[in-house]
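Biologist: I am new to this structure. Please take me through how to read it, one feature at a time.

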Amino acid sequence: MTPAEQAQLKEASRLLETDQLAAALKKLAALYEDRGEPAPAVNYYFARALAADRQYERARQVAREEEAYFYQSPDRLRFLVDLDLATENFLAARQLVASQPAAADQAARVMAAEEDFAARAPQTIQTRLQHFYHLGDQSFFGQQRRFAEAQRLPLAQFVQGSRFVLRDPFVHPLIKSSLVQVLSRLGVDDAFQLLWLDGQEHPVVPAALLELDQLPVVQEIYRQLADRFANDDPQTYQLRQQEFNLQLTLLYPLVDQAITDPQAWVVALCQPIESGEGPAVAAARKWQARLQAQLASLAR
């Protein structure tokens, strides 16, 4: 921030602390819109002012743009939890508490907020849960919207709906993958049945799953891609990484079920078809064609 911007922020924070909310909001909004580069402190004070004005959704959006800054202070973490709870983003609050040790003391407050919401708004919960159950009735973009809505359910109802959604043949694999990732980050240790890309149901315990970049098979393919392209052809390296990452979003959490031979997978990803290819490469190509078809379906 420039010295002038720092002076404006200091004055805006003074106005906020002395309950001159309208004046503080005006100054902070101008600072937020006109700042030349990211300025986390501006986001913090602007979000505080918006929350004081009961503009909770906007406050949460502004705060989440600079999450790392909020992680650096217990008071700022508590404020981030406050915004999640004020906007009924209960699962986001739970993920924050689970991922940030400094926020661990907020867990009871999140649970109490869920219980209060369940008592105050049972019909809202029922409507969101019904929409979650019928996720597969929608287009992909409709599924995305309903999945976002479902993440404003209390945990118990979200887990309840997840059991059905993960077995629904009409829910897109990308949505299922995202759902399993949310359950994993929440540390849900129940067993679920996942109807996967191969048309079979597989048992999945989200809390026991590794992050994608921690999977040995994924690490090995990243290494092979780097060996092939990182030094001599960085543009192709980036493109192949992006393509592989898209594949992973579809394959998660059963990446190892599809990628049984990392070297064959890289050959299928990076080289045109050649005569005399072995069965491992042929199997990798078959899987990758299936994944490409799933991605192509998003455009329809």
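Biologist: How many of the residues count as buried?

Modeller: Buried means under 20% relative accessible area, exposed over 50%, and partly exposed in between, with a 1.4 Å probe and protein chains only. Of the 300 residues of this protein, 45% count as buried. This is a predicted model, in which local features need pLDDT of at least 70 and side-chain atom pairs count only at pLDDT 80 or more, while totals for chains, interfaces and linings use all residues. Residues are numbered from 1 along each chain as its sequence is written, and side-chain values use heavy atoms, with hydrogens and water left out.

Biologist: What does the pLDDT come to in this protein?

Modeller: pLDDT is the predictor's confidence in each residue, from 0 to 100. The protein averages 94, and 99% of the residues score at least 70.

Biologist: Is E5 buried or exposed?

Modeller: E5 counts as buried because its relative accessibility is 16%. The residue lies in helix 1 (residues 3–17). Contact means heavy atoms within 4.5 Å. Apart from its neighbours within four places in sequence, E5 is in contact with L31, D34, R35 and G36.

Biologist: And P216, buried or exposed?

Modeller: P216 has a relative accessible area of 56%, so this residue is exposed. P216 belongs to helix 13 (residues 216–230). Between P216 and P279 there are 22 Å in space, C-alpha to C-alpha, for 63 residues in sequence.

Biologist: At what angle do helix 10 and helix 12 pack?

Modeller: Axes are lines fitted to C-alpha atoms, for helices over the stretch in contact, and angles run from 0 to 180 degrees between N-to-C directions. Angles under 35 degrees count as roughly parallel, over 145 as roughly antiparallel, 65 to 115 as roughly perpendicular, and the rest as oblique. Helix 10 (residues 140–150) and helix 12 (residues 173–185) pack at about 15 degrees, with their axes 10 Å apart. The two helices are therefore roughly parallel to each other. F140, Q143, Q144 and F147 of helix 10 make the contact with L174, I175, S178, L179 and V182 of helix 12.

Biologist: Which classes of residue make up that contact of helix 10 with helix 12?

Modeller: Ala, Val, Leu, Ile, Met, Phe, Trp, Tyr, Cys and Pro count as nonpolar, Asp, Glu, Lys and Arg as charged, and the others, Gly among them, as polar. The contact of helix 10 with helix 12 has six nonpolar, three polar and no charged residues.

Biologist: How does helix 13 pack with helix 16?

Modeller: Helix 13 and helix 16 (residues 262–270) pack at an angle of about 50 degrees, with axes 9 Å apart. That makes helix 13 oblique to helix 16. Among the residues in the contact are V217 and F229 of helix 13 and W265 and C270 of helix 16. By class, the contact of helix 13 with helix 16 has 10 nonpolar, two polar and two charged residues.

Biologist: Which residues of helix 11 are buried?

Modeller: In helix 11 (residues 155–165), L155, F158, V159, G161, S162 and V165 are buried. What covers them includes helix 8 (107–120), helix 10, helix 12 and strand 1.

How values were computed
Helices (H or I, at least four residues) and strands (E, at least two) are DSSP runs, numbered from the N terminus.
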